[in-house]
Amino acid sequence: MSGAGQDRRHRSPPDLGGRRAVILHRPNPTVEALTRQLTAIGLEVAACWPELPATALAADYVFFDADMGHDDQFLWLPGAAPMPLIALIGSEAPGRVAWAMKQGACGQILKPVGDGGVYSALLIAREVFDERAALSAQIADLERRLGARQTVVQAVALLGLHEHGEEHAYNRLRQLAMVWRVPIEDAAHRIVAHGRDPADDSAPPRHRRR
Amino acid sequence: MMARRVIEIGLLFSQSGAYARISQAGRRGALRAVEAVNADPAIDITLRPVERDPQGNVDLYRPLCTEILRSTSARHVVGTTTSWSRKEVIPALERAGGALWYPCPYEGYEASDRVVYTHACPNQHLIPLFNWVLPRHGARASLVGSNYIWGWEMSRIAHDLIAEADGAVLSERYLPIGDTDVNRLIDEIAATRPGFVLNSLIGPSSYRFLAAMARLAADDPAFSPERCPVLSCNLTECELDALGPAAEGVISAGPHFAGYSGPAAWTEQPPGGFDSSMEGAAFRAVRALARLLSHRPDAESLELNELLASDAAAGIDPATHHMCQPGLVAQVRRGRFEVIEATADIAPDPYLARRHRQSPSRPHLTVVRP
């Protein structure tokens, strides 16, 4: 008897019905097999070669040929695709695999494509793409907050660091951030732009920004 | 009298093992259909069955399927019962250019170009079942199943449906196929008191579980079928004799139940109808194959997708190789299944990808019982 092996955290599969898939591959049985599998799952499929049409920007998934592909075929810079990319790999040469990864492939299917592989590639690519996007957003946020360190120091100085001490000034900053419902860094930015504690607005400014 | 082409077809049904009752029903349906085809003057072929018996042993399916395809002229094989065995034979079909007609309910997430699926997939069994149960018994459920893909995937879809309904899964357990140690499953259900139980156990595990649930209900009316029904998508008439009175009140979903002739019933049933959907789906597989082969010289050597590219394939969706099915919900009453709700013509959606894009599917036919 076992309840193990089943992940208790439950995650639903992505909604795939009516999603658009574009296949960037010269017409051949690989395209037919991919189209058959994608249509059976419920996606709308368009194939193109040798370039992606502008309409591909609205695609939910792009399958691309890793054997004959090159950077100029895409509508975006390598690694900046706005949707999950899935590499169609025939030649498993390291140069071609590296090129496919540089494009930002979130999954791969080996050629020749037969009776399966597409559904799991769609699930894996969606998950990888979403996780990458979440990580990128998290990193951008952390970088922004890291860059705001100097602003926080300035704001703490404006809020009475010298008169009342560091703890008091920092608590005042946190309090304002809470009232304004913004991150500490954003509150610091406002205070620095304002030039003083807003509570002191009746008093003459302590510090004027140039 | 026109000359009839003789065409061999493979039958791959286990005569013994944990799910023998189901595979024997399928075999019976296939053989009845062969008989009907061979007696049908409108058809110009005679089917000759070639049988192999994998004895419920998953490792025998692939070699026996290969043997049929290699040593006989059969290109079409009807059979396999578990998803596990179906997935085992697909590589053999690919190598030999054969096709499988699969006559059992399964968990979906497959649309092989080597397989025709003539029973129901989850949007045709589990979803009508949940449309029936959620408004009546709420969305607090226990899930039990056999420890392989059928049990796991049915429970996973149930998790999705229960989460959408803001419900909760109160307990969840799996037993190896053939295991009958159900005490822990029953203890957890007794302790958590769900509104219903989804039972995706197969064979003897399921029989023992249902017997224990019946005893639990006898001790505590909170577990009677009226208050905490046990639901299944794989229980049919072909297993009722193994259950006896323990089956009373059990609810099952499927495309057909014996004697049902109400709204959305399967058409073209033979005299006497089908004893179960397991028998009927195998019968319909052979009948559909015969229609596709009849009056088309050499059609037996066509690849499956070429064979299906014909008007006679009506009823088999060319994109998914599944069939449109009615979604019936039935309850065992006085030893036989009575249909309590029917949804007509549910188009197959084996990946449950189209579900969210359709208006919520409500049963539009209700069977009224006095």
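**Exercise 1. How many salt bridges does the rule find across the interface of chain A and chain B?**

Before we start: this is a predicted model, in which local features need pLDDT of at least 70, side-chain atom pairs count only at pLDDT 80 or more, and totals for chains, interfaces and linings use all residues. Residues are numbered from 1 along each chain as its sequence is written, chains are lettered from A and ligands numbered from 1 in the order in which they are written, and side-chain values use heavy atoms, with hydrogens and water left out.

*Solution.* 
- Step 1: Recall the rule: a salt bridge is a side-chain nitrogen of Lys or Arg within 4 Å of a carboxyl oxygen of Asp or Glu.
- Step 2: Apply the rule across the interface, and one salt bridge is found.
- Step 3: Name the partners: R36(A) and D113(B), with 3.8 Å from N to O.
- Step 4: Now see which element of chain A gives the most to the side touching chain B: helix α1 (residues 29–41), with four residues. Helices (H or I, at least four residues) and strands (E, at least two) are DSSP runs, numbered from the N terminus.

**Exercise 2. Describe the contact between the two chains in numbers.**

*Solution.* 
- Step 1: Count residues in contact (heavy atoms within 4.5 Å): chain A gives 19 and chain B gives 28.
- Step 2: Take the buried area, meaning the accessible area (1.4 Å probe) that two parts lose on being put together, summed over both. Here that area is about 2,100 Å², and carbon and sulfur atoms give 51% of it.
- Step 3: Look for polar contacts, that is, pairs of N or O atoms within 3.5 Å; within protein, one must be able to donate a hydrogen and the other to accept it, and residues adjacent in sequence count only if both atoms are side-chain atoms. Between chain A and chain B, eight residue pairs are in polar contact (both at pLDDT 80 or more).

**Exercise 3. Work out how strand β10 of chain B sits among its neighbours.**

*Solution.* 
- Step 1: Strands pair if DSSP finds at least two bridges between them. Strand β9 (residues 230–232) of chain B pairs with β10(B) in the parallel sense over two bridges, and L231(B) has I251(B) as its bridge partner.
- Step 2: Strand β11 (residues 325–333) of chain B runs antiparallel to β10(B), joined by four bridges; here I251(B) stands opposite Q331(B).
- Step 3: In a regular strand the side chains alternate between the two faces of the sheet. In β10(B) (residues 251–254), I251(B) and A253(B) point one way, S252(B) and G254(B) the other, and all are buried. Buried means under 20% relative accessible area, exposed over 50%, partly exposed in between (1.4 Å probe, protein chains only).

**Exercise 4. Is T118(B) buried or exposed, and which residues does it touch?**

*Solution.* 
- Step 1: Locate T118(B) in the loop between β5 (115–117) and α4 (126–137) of chain B.
- Step 2: T118(B) counts as buried because its relative accessibility is 0%.
- Step 3: Not counting residues up to four places away in sequence, the residues that T118(B) touches include W101(B), Y102(B) and A281(B).
- Step 4: Check A281(B) again: its backbone oxygen lies 2.9 Å from a polar atom of the T118(B) side chain.
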